[in-house]
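Subject: Structure handover

Hello,

Please find the structure below, followed by notes on what was found in it.

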Number of protein chains: 2
Amino acid sequence: MGGDRGPEEIVAGALEARSDEVVPIVVGPAGLDTQGLELIEAPDVIAMDEKPTEAVRGKPNSSLVRACRAVGDGEANAVVSAGNTGAMLAACLLEIRRLQGVRRPAIAVTIPSRDGASVLLDAGANADARAEDLLQFAHMGTVFAREILDVAEPEIRLLSIGEEAEKGNQLTLEAHELLAASDLNFTGNTEGRDLLRRGADVVVTDGFTGNVALKLLEGTIGNLLEALREEITATPRGKLGGLLIRPAARRLRKRLDPDTYGGAYLLGLRGLAVIAHGNSSRRAIANAVRLAARGVEHDVVGRLAERLTDTVLESGPPTTPTPT
Amino acid sequence: MGGDRGPEEIVAGALEARSDEVVPIVVGPAGLDTQGLELIEAPDVIAMDEKPTEAVRGKPNSSLVRACRAVGDGEANAVVSAGNTGAMLAACLLEIRRLQGVRRPAIAVTIPSRDGASVLLDAGANADARAEDLLQFAHMGTVFAREILDVAEPEIRLLSIGEEAEKGNQLTLEAHELLAASDLNFTGNTEGRDLLRRGADVVVTDGFTGNVALKLLEGTIGNLLEALREEITATPRGKLGGLLIRPAARRLRKRLDPDTYGGAYLLGLRGLAVIAHGNSSRRAIANAVRLAARGVEHDVVGRLAERLTDTVLESGPPTTPTPT
């Protein structure tokens, strides 16, 4: 029941992703037209603007919480939702729970850069982070890049305000030290300017900076192409040129289209969760379901568990993250 | 002696900006060809990669430090430099000093957005900030928007990860409260996606986030236009279209050209300082000198002093900022 386009779009996307290996289950109210897909009944709905923690506590039988519970209970291998992101995070923590040793899960987003894809995390699961969290994010990103992006030895970089080790804020200075001392393939800091140029396979940052950066990237691409269109259509000559470059512009849009990936993983849980954009099209939903399936196939959760158990940090017991 | 293109470019820019009202003074080694402009002799040079604080302490007679001292001593009304940004910040703190009540100066950058200009600060003077600093940045940005961007009642927004007041990290949550309680025209949070759409006249953020955002914005514009060019030139049809849209693309580039503003103010000092890009062209330098002159004409420092004295915060004595 999440997603701005209504359940029909979600069902259509799930149907599109169905294959011999992928069997979507729909979670929603009784009577929902699932086009023949299995239905798990969940009478309640969490709206996009509800307060995450309260909504999740108050509506255990909402489609969102029930879908997460299906993973926690072993009924399903992964959950995909285009609903309230904060509620999804809270429901995942409650129903799927964190892997041992993980203090904070992270949202891992694929950045469709010019020369291939890279992964940015945390893209907004936690607004505040500690240096130890950033080290864990680097491990999570390494697993993601190997299993999902097919990079054998992923290169990790830390998002900061200069390439030199001594440039950054308190958080990145500490994280830089931890990363440099780790066995990760850490190659130093990266700056915002390289994000669309694929400066690294994995870009590590706190959820505040990551979320600002991601939205800035998306917004700038949209605004810039829009501004170019305005300039082009301002003159007859430009209009003709615009017609001629239309296929090129379409190819570029496709290269940079977030729908290609469909969604972002929430990493650090005992099960697989994919968060899709609220306004996901059926194509985006289908890709999100395929992304989830790929994660199951490649046992992303198992590999994360191995890595994170090996590298559990002596930073005290995990605290409860605040969904944002 | 700062700037990647050598002193000739700086002198040429200064000459271009010279007028009845604007009298550039060049600071550099004896014998420098100043094309008839007054020369203040300074034998030493601070390189782009020197450690700021050490360089400034060790080279009091470098062109950079000497130029700042000219403002501190009243020989000049403003200083413009395309040199080492960290050294410039350190030299300004040493030679021009902070206004009373200012804990941290801020770099105020004009963002050439689609529908006019807005100002973002801090763009990187301090990597770490407190909520009180962000409140001061908002006051500084208000003065900037009034005097430089000609906006009578500047609208202030706080860069965060959601428009709702309760979205953000610890820093922005606290800053949001301070801003909402102030007499500023604060209209809430803004997200990264609106930066190029001029979501506000003044966008307030800490120097780490601001610097990441600014570089991301610049890099994304560059990378995207480059990627579009690649797609366009991949086919004969696209090439023809590319020729036809060339004037439109040029207009867009001009609208978004950072050289239009030439530099960024370092605000919060007892004198006016403008930091130009290291690779500034003579046109950028000329615009930076004009920007400095406009700040003097509009008494930006005086207006800042009034505002900040009125709103001095009970946050203890100022501490020494760390240049980044």
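In chain A, the centres of domain 1 and domain 2, taken over C-alpha atoms, are separated by 25 Å. Domain 1 of chain A comprises 7-101 + 268-302, and domain 2 of chain A comprises 106-260; the bounds come from an automatic or database domain assignment. The contact between them takes 12 residues from domain 1 of chain A and 10 residues from domain 2 of chain A, where two residues are in contact if their C-beta atoms, placed from the backbone, lie within 7 Å. Helix α9 (residues 282-297) of chain A supplies the largest share of the domain 1 side, five residues. By class, that side of domain 1 of chain A has four nonpolar, six polar and two charged residues. The classes are: Ala, Val, Leu, Ile, Met, Phe, Trp, Tyr, Cys and Pro as nonpolar, Asp, Glu, Lys and Arg as charged, and the others, Gly among them, as polar. Helices (H or I, at least four residues) and strands (E, at least two) are DSSP runs, numbered from the N terminus.

This is a predicted model, in which local features need pLDDT of at least 70 and side-chain atom pairs count only at pLDDT 80 or more, while totals for chains, interfaces and linings use all residues. Residues are numbered from 1 along each chain as its sequence is written, and chains are lettered from A and ligands numbered from 1 in the order in which they are written.

Next, the relation between the two chains. The same surface serves both copies, since 100% of the contact residues of chain A recur in chain B.

The interface itself has 47 residues of chain A in contact with 48 residues of chain B. On the side of chain A that touches chain B, the elements giving two or more residues are α7 and α8 (236-255) of chain A. Of these, α7(A) gives the most, with 18 residues. The residues of that side of chain A divide into 21 nonpolar, 14 polar and 12 charged.

Which helices pack at an angle of about 30 degrees? They are helix α7 (residues 207-232) of chain A and helix α7 (residues 207-232) of chain B, with their axes 10 Å apart. Axes are lines fitted to C-alpha atoms, for helices over the stretch in contact, and angles run from 0 to 180 degrees between N-to-C directions. α7(A) passes α7(B) in a right-handed crossing, meaning that the near helix is turned clockwise from the far one by less than a right angle. Residues of α7(A) that meet α7(B) include V212(A), L216(A), T220(A) and L224(A). By class, this helix contact has 12 nonpolar, four polar and no charged residues.

Each chain also has a sheet to note. In chain A, eight strands form an open sheet with mixed pairing, in the order β3-β10-β9-β4-β5-β8-β6-β7; strands pair if DSSP finds at least two bridges between them. The edge strands of chain A are β3 (78-81) and β7 (186-190), each pairing on one side only. From one strand to the next, the twist averages 25 degrees. Strand β4 (residues 106-113) of chain A pairs with strand β5 (residues 116-121) of chain A in the antiparallel sense over five bridges, and V119(A) in β5(A) is the bridge partner of T110(A). α7(A) lies across β4, β5 and β6 (156-159) of chain A, at about 140 degrees to β5(A).

In chain B, eight strands form an open sheet in the order β3-β10-β9-β4-β5-β8-β6-β7, with mixed pairing. Three bridges join β5 (residues 116-121) of chain B to β8 (residues 202-204) of chain B, and these strands run parallel. V119(B) stands opposite V202(B) in β8(B).

Finally, some backbone details. L121(A) and D122(A) are joined by a cis peptide bond with omega of about 5 degrees, and D122(A) is found in the loop between β5 and α5 (131-147) of chain A. In chain B, a cis peptide bond joins L121(B) and D122(B), with omega of about 5 degrees. Q35(A) has a positive phi of about 55 degrees although it is not a glycine; Q35(A) lies in the loop between β1 (25-28) and β2 (38-41) of chain A.

Regards
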